[in-house]
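This report goes through a few local features of one structure.

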Amino acid sequence: MTRQHSLLGRYVKTLDAYDLGPGPVGVHRGLPSTTVSLTLPLDDPVEIEWAARSAPRTRHRAAVAGLHLDAAELRQRGCTRGVYVTLSPLGTAALLGLPASALAGHVADLADVAPALADLPERLAGCRTWPQRRALVEHALLTGLARHGERDNAPELRAMLAALARTSRVHEAAELVGCSRRHLSGRLRTELGVTPKEYQRLVRFEAARSRLAALGTTQAGLADVAAAAGFADQAHLTREWRAMAGCAPTRWLRTEGPAAGGGPAHCRSLGEETAPGTAGSVPRCSRRGGAPTA
């Protein structure tokens, strides 16, 4: 690993190419995640609509999505290719210059969030290869890191997030960190814009999604996935999946998972594609077809 990659490693979770598929409109279901996402289309803007909200569809030249606990639908017309980046909550402050809480529950234009990166989509469109695009995004994020850097209280927040991921009880996480539950809750709301319980819901959902995608499990295997991801039982997993993804887990597997024929599905958040991009090969996030429905 180069020094450049190691500097970004603790903040950038994924940096991949994506392709929403052939045809006039590419569609992808954006699922909740513990990360903040950047969707950088190469040409045509991306349209985002929250599946269970009455808010109108929004259009973005490049989109930044905060932590969200419900599903969205991402559409891209014309050229459906781009670059997708996910950041840890601490990475949002270190690379973009604002806390993840400023983006919680909604999507904003990259130009409004980080004006210094406003021209990044146009610069990406001018690149001819995936390695060039990856290098350009890495350089832009490293410039942001040099400009903003990690906050002094980042180690405490990092310890809190790790503790919440290790236990299902908030007071136990507070004990692991050595602080009060009230202090932990206040820090999370200030920095991430979610409560400790909501963050733990995101952790469980993310773990279940990864296992479902890797195993391509059927109904018979959901109980094992639920237990491994920290759910009380299969019924608990199904309820949470319907609430957070807008559909049952088995339906998600049929439409966007391995059973859909598009290979392993690792769509963790708004706009994320299914596998790391490589030079000469761009993975698709979803199959060609109609919009995913709840």
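D19 stands opposite R81 in β8. The model is predicted: local features need pLDDT of at least 70, side-chain atom pairs count only at pLDDT 80 or more, and totals for chains, interfaces and linings use all residues. Residues are numbered from 1 along each chain as its sequence is written, and side-chain values use heavy atoms, with hydrogens and water left out.

**The sheet**

β1 and strand β8 (residues 81-87) pair in the antiparallel sense over 7 bridges. Two strands are taken to pair if DSSP finds at least two bridges between them. Helices (H or I, at least four residues) and strands (E, at least two) are DSSP runs, numbered from the N terminus. Both strands belong to an open sheet of 5 strands, in the order β1-β8-β3-β6-β9, with antiparallel pairing. β1 (12-19) and β9 (107-109) each have a single partner strand, so one side of each is left without a neighbour in the sheet. On average, neighbouring strands of this sheet are turned by 20° against each other, direction ignored.

Contact means heavy atoms within 4.5 Å. Axes are lines fitted to C-alpha atoms, for helices over the stretch in contact, and angles run from 0 to 180 degrees between N-to-C directions.

| Helix | Strands | Angle |
|---|---|---|
| α2 (residues 89-96) | touches β1, β3 (36-41), β6 (63-65) and β8 | about 110° with β8 |
| α5 (residues 130-147) | lies across β1, β3 and β8 | about 145° to β1 |

**R75**

R75 is found in strand β7 (residues 72-77). At 11% relative accessibility, R75 counts as buried; buried means under 20% relative accessible area, exposed over 50%, and partly exposed in between (1.4 Å probe, protein chains only). Its side chain makes a polar contact with the side chain of E73, at 2.9 Å. A polar contact is a pair of N or O atoms within 3.5 Å; within protein, one must be able to donate a hydrogen and the other to accept it, and residues adjacent in sequence count only if both atoms are side-chain atoms.

**Helix α11**

At the start of α11, a side-chain oxygen of D233 reaches to within 3.2 Å of the backbone nitrogen of A235. Buried residues in α11 are H236, L237, E240, W241, M244 and A245. They lie on the same side of α11, because they cover an arc of only 130° around the axis, taken from the directions from the helix axis to the C-beta atoms. R239 and R242, on the other side of α11, are exposed. Just after α11, G246 takes a positive phi of about 80°.
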